[in-house]
Amino acid sequence: MTKTARFAALLLLASSALHAEEKLVVYNWAQYIPESAVTDFEKETGIDVEYSTYENNEVMYAKVKLQQGKGYDVIVPSAYLVSKMRQEGLLQKIDKTKLTNLKNLSADLLDKPYDPGNDYSIPYLWGSTGIGVNAKEIDPSTITSWADLWDEKWQGKLLLTDDVREVFHMALKKNGFSTNTTNPDEIKIAYEDLQKLMPNVLVFNADAPREPFMAGDVDLGMIWSGEVTMAQQENPDIKYIFPKEGAGFWVDSFTIPTGASNVANAHKFIDYMLRPEVGQKVVEELGYSTPNTAAQALLSETLRNNPVIFPPADVMSKAEFQNDVGDATKIYDGYWEKLKTGK
Amino acid sequence: MKVLNFRRVAIVLTLVWLGLFVLVPHVLVVLTSVMSPDPQHLAVWPVTLASWERLFEPVYAEVFWRSLWLSTLTTAICLVLGYPFAYIVAKLPGVWRGVLLFLMIVPFWTNSLIRTYAIKLILGNKGLVNAALLGAGLVDEPLQLLYTPFAVVFGLVYVLLPFMVLPLVSSFDKLDGTLLEAARDLGAAFWARFRLIIVPLTMPGIIAGSLMVFLPAMGMFYVADLLGGAKNLLLGNIIKNQFLVVRDWPFGAAFSVALIVIMAGLLWLYFLANQRINRQGGLDDEGL
């Protein structure tokens, strides 16, 4: 009901947005922007921002696809979806002449295969999916790999993120495959391995994996790097581990859907988010990694040296970023549905 | 003349409203359920029964039975809790009866999603229940209550209890006290009066309440998502995932229609039962 209700509210907002002049409809991941960034933008530009959130890429995609790219002005898909949505004509080209702050972005994260030349997407944040441990209950040094989560002693204890690609990443990496594999046999092996993991799974968390950790409901499981940084501000016992098979890495980018009704405002918003001081605030509040080098330079020494946010070189050398898997998506989704049914 | 016009307008408006917002969407859902899934366009022709066949795959049969079991359990618990409560409410003088019903309704002014989040806090490892149990020394380590089927049933009972109580209260209201007095005069003990008079005469309320709990319980995916750890526990979870995550709309639609058919079947049974009960003990009861 929550999602339908939110969806209905969005439709209402979207329809009113067609009439108002200075509006902007932003559809972003839950807890993925500092609130003050939005209010400051509104104050500065007089643009009224309608802000709503989603819990995973698939839900966002379903809604944008259903409305053929209408109703939203800025959305923040992960790389593999940028590639998919761009090919399906759901995204429009970004006018880079309107982005004065584009120069702030590091070349390391630009011009990638999912969007050559970044015609359709501007990187917002990147981060990793690794293992979270509550050091008060479990000695973090005993957990070094994804494979450790398969240990029988964690029966009914684990948290997994409610994200098909991330959960398969674990099993694919554990078996030595690429996280972007489209080989049905490899995906099947990963699926069969995940079936063995299911008895250990207590919960699939969609919105904020840090919360069950902080509430003491789980002590071990998958978690996003930024969630750890945020959690540590309240509970330093929550530790982050880069599994030795390789953590999951992803980039989320600003994009403008084809049906956006406030294209000029969307560009203004993206350019605003690329400002160094805004990028700085984003890292400070969310704890994810920014591709914005100018923002990085403004960060305190502690943040810049925080390995959770900016992983050490040996981790990065193994890093494999998520990509579109094309038609294999269907295979993943089919297995995913079965896994969540406990099969 | 004027009255007639008003009536006509009212009827036409209602029909248009129902047609537009009830009939058309349902026809669309039924149509979608016999189309072919397509990742690009959600659903395309040609017509196929493939989605319907998939309903009988073992995986989904399991969800179906689990869903049925959790919903039945929820209904049974609601009945056991709601029946005595409804009896007490119906027997109380006007003011108190109003107060009790009011107290039961008040929490429902808060969005059920927020109340479900609150249940998370109550059932968590460091929640109220576990803190109390640990404090009283009844357990040594926190019980795993959250993210279990128990939590889901707890949440469903909490959200749906009023739907059981309200029809029961109205049934108890209609219960003729003189029948009970007569039964007592004729020597019927409490159990006999309860079994032979109270239960049969409140049966319409029992059935109506059970339906109003059972049917929504099968579909409340957000309760299972939040309290059951987002595993596919209820039919509602499957439907939601088919529409939002897997994007197999025909299959999601087939599931929805199947749920509607079950619902219709149960309502039909209710109708039959009601008819039978009305005949029984009435003037036209041939058995009397």
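Okay, let's start with strand 4 of chain A, which runs antiparallel to strand 7 (residues 220-224) of chain A, with five bridges joining the two. G132(A) stands opposite G221(A) of strand 7 in that pairing. Before I go on: this is a predicted model, so local features need pLDDT of at least 70, side-chain atom pairs count only at pLDDT 80 or more, and totals for chains, interfaces and linings use all residues. Residues are numbered from 1 along each chain as its sequence is written, and chains are lettered from A, ligands numbered from 1, in the order in which they are written.

A word on terms. Helices (H or I, at least four residues) and strands (E, at least two) are DSSP runs numbered from the N terminus, and two strands pair if DSSP finds at least two bridges between them.

Back to strand 4 of chain A. What else does strand 4 pair with? Strand 9 (residues 248-254) of chain A is joined to it by seven bridges, antiparallel, and there T129(A) sits opposite G248(A). Strand 8 (residues 238-241) of chain A pairs with strand 4 too, antiparallel over four bridges, with V133(A) opposite K239(A).

So is strand 4 buried or exposed? Twelve of its 13 residues (122-134) are buried, so strand 4 of chain A is largely enclosed by the rest of the structure. Buried here means 20 or more other C-beta atoms within 10 Å of the residue's own; exposed means 12 or fewer, partly exposed is in between, and C-beta atoms are placed from the backbone.

D185(A) counts as exposed because it has 9 C-beta neighbours inside 10 Å.

Now, where the chains touch. The contact takes 23 residues from chain B and 24 residues from chain A, contact meaning backbone-placed C-beta atoms within 7 Å. On the chain B side, helix 3 (58-91) and helix 11 (235-246) are the elements giving two or more residues, and helix 11 gives the most, with five.

Last stop, chain B itself. An unreviewed UniProt entry annotates "transmembrane region" over residues 12-34, 68-89, 95-114, 145-169, 196-224 and 251-273 of chain B; such annotations may be inferred rather than shown by experiment. How does the model look over two of them? Residues 145-169 of chain B are 84% helix and 0% strand, with end C-alpha atoms 32 Å apart. Residues 251-273 of chain B are 100% helix and 0% strand, with end C-alpha atoms 33 Å apart.

Key: Contact = placed C-beta atoms within 7 Å.
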